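Welcome! Take a look at the protein below, and then let us walk through it together, from the whole chain down to single residues.

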Amino acid sequence: MSKKYPEMLITDFQGRKRKFGGRVNFCPNSEKYREFSVKLARKLAERYKDYENIIAWHISNEYANYCYCDNCENKFKEWVKNRYKTIESVNKAWNMNFWGHTLYSFDEIVAPSDLSEMWNGYDKQCTTFQGMAIDYNRFMSDSILGCYLGEYDVLKEVTPYIKITTNLMATYKPLDYFKWAKYMDIVSWDNYPGLNTAVSDTAFRHALMRGVKNGDPFMLIEQTPSQQNWQAHNSVKRPGVMRLHSYQAMAHGADTVMFFQMRQSIGACEKYHAAVISHAGHENTRIFKECADLGEELTKLGDTILDSRFKSKVAIVFDWDNWWAVEFSSGPSVDLRYVEQVEKYYKAFHNLNVSVDIVEPNGDFSDYSVVIAPVLYMLKKGVSENIKNFVRNGGTFLTTYFSGYVDESDLVQVGGYPTELRDMLGLWIEEIDALTPDMKNTI
């Protein structure tokens, strides 16, 4: 494909055209890629449509392909025009009069990359114009989703009775999984905690994967029976840990426990990634026996908990747009990491054995007693009213510093922070301080 259609290869963030190699190496807006991926999906569906033992189609693998080629830039211009209609609206949303960047036509829009509006701050990637960069992330997430939907639609046409999924990666920053989950019959994801990963952090990711599909059970489609190959320190899972990880997934909503991989590779970068059948090539290994024992236990458990749901009374708000906005900003602190703040609050409830759901800012809060929104920096349209309605109906709402600052274009709403939440919270915040790691303060 890349030899015959070199235009389908990705141009990276630095503006370099990729050569053949690696994986997920296709431009998401390549017409040739979309044409042939759909043709291939159709041929597979037509060939196997009468097989009775197929329970799901799994499309692609770990989508992760942002691109900055000329074709993507042109498609971005179209996307922006459809979103904002006029160039005046674009200039206003992106605040382009700053530094004299006013746009006079849609043709002047560039893809924000290392060659244009993006720059590396102190240990994080920042941007001159947050509105533009956030929109490019939205555009890329939508573009990659379009590749998935091309195959999804043809599979549904040929085999409407077979469920469809693609494997997500929990807190994967480039893709807005709340949008993706709307087009997945069942959510599936890959769980690869390290030896020192906090149990609560893994639990949070399970809850997020349950949350993107409004609490539906999900598939644990990938976990390693033992060690990984790509982490800094690829530790062996101690005896019994794989079983614990599997039951933790089920306790948080998994109907399926699967492994990557079945047989261990003898070469290339995954040759030391564990498998059900290791390099020993037989069943007389600890890993194989643990997998077999788990299978026997799940057989005894049967289908008693399949499709089960649990009504939590606590919800934590999570939002990809907000995540992008917080970390694209220059300031207030390089140490401010959105996911870390969400994890901190999730851990507090996890340690008390309190079940927590993960919800969108504009999600339905009516079933919850408590809703927490850590670092809700961006207030998209309707979010503040959604929160206020929840409180009016007796709910308890908790938020943190650096909340209620900007709209969905990352434009600060004047009048004092936390803008639309000031009246409800009874606060006016005049300043926000950033302490260096060796400083402390108390209240």
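The mean positions of the 50 positive and 57 negative charges of this protein lie 4 Å apart. Here Lys and Arg count as positive and Asp and Glu as negative, while His and the chain ends are not counted; each charge is placed at NZ of Lys, CZ of Arg, CG of Asp or CD of Glu. Please keep in mind that this is a predicted model, in which local features need pLDDT of at least 70 and side-chain atom pairs count only at pLDDT 80 or more, whereas totals for chains, interfaces and linings use all residues. Residues are numbered from 1 along each chain as its sequence is written, and side-chain values use heavy atoms, with hydrogens and water left out.

**The whole protein**

- The protein has 12 helices and 12 strands; helices (H or I, at least four residues) and strands (E, at least two) are DSSP runs, numbered from the N terminus.
- The radius of gyration is 23 Å, which agrees with the value near 22 Å that a compact globule of 443 residues would have. This radius is taken over C-alpha atoms, and the globule rule is 2.2 Å times the number of residues to the power 0.38.
- Along the principal axes, the C-alpha atoms fill a box of roughly 65 × 55 × 45 Å.
- Of the 443 residues, 49% are buried (buried means under 20% relative accessible area, exposed over 50%, partly exposed in between, with a 1.4 Å probe and protein chains only).
- Among contacts (heavy atoms within 4.5 Å) with a separation of 6 or more, 70% join residues 24 or more positions apart.
- The accessible surface comes to about 22900 Å², and 53% of this surface belongs to carbon and sulfur atoms. Such areas come from the Shrake-Rupley method with a 1.4 Å probe; for residues, only the protein chains shown count as cover.

**An open sheet**

- Four strands form an open sheet in the order E5-E6-E7-E8, with parallel pairing. Its edge strands are E5 (167-168) and E8, each of which pairs on one side only.
- Two strands pair if DSSP finds at least two bridges between them; E6 (residues 188-190) and E7 pair in the parallel sense over 3 bridges.
- Ser188 has Met219 in E7 as its bridge partner, and Asp190 stands opposite Glu222 in E7.
- Strand E7 (residues 218-222) is mostly covered, with 5 of its 5 residues buried.

- Helix H7 spans residues 241-251, and its buried residues include Met242, His245 and Ala249.
- An α-helix has 3.6 residues a turn, so residues three or four places apart point the same way.
- The cover over the buried residues of H7 includes helix H6 (199-211), E7, strand E8 (254-257) and helix H8 (286-301).
- After H7 comes Gly253, with a positive phi near 120 degrees.

- Ser200 sits in helix H6. Ser200 counts as buried because its relative accessible area is 5%. Beyond its neighbours within four places in sequence, Ser200 is in contact with Tyr346, Lys347 and His350.
- Asp293 belongs to helix H8 and is partly exposed, at 42% relative accessible area. Its C-alpha atom is separated by 35 Å from that of Glu340, 47 residues apart along the chain.
- Trp230 lies in the loop between E7 and H7. With 51% relative accessibility, Trp230 counts as exposed. Trp230 and Tyr272 are 42 residues apart in sequence and 9.2 Å apart in space, C-alpha to C-alpha.
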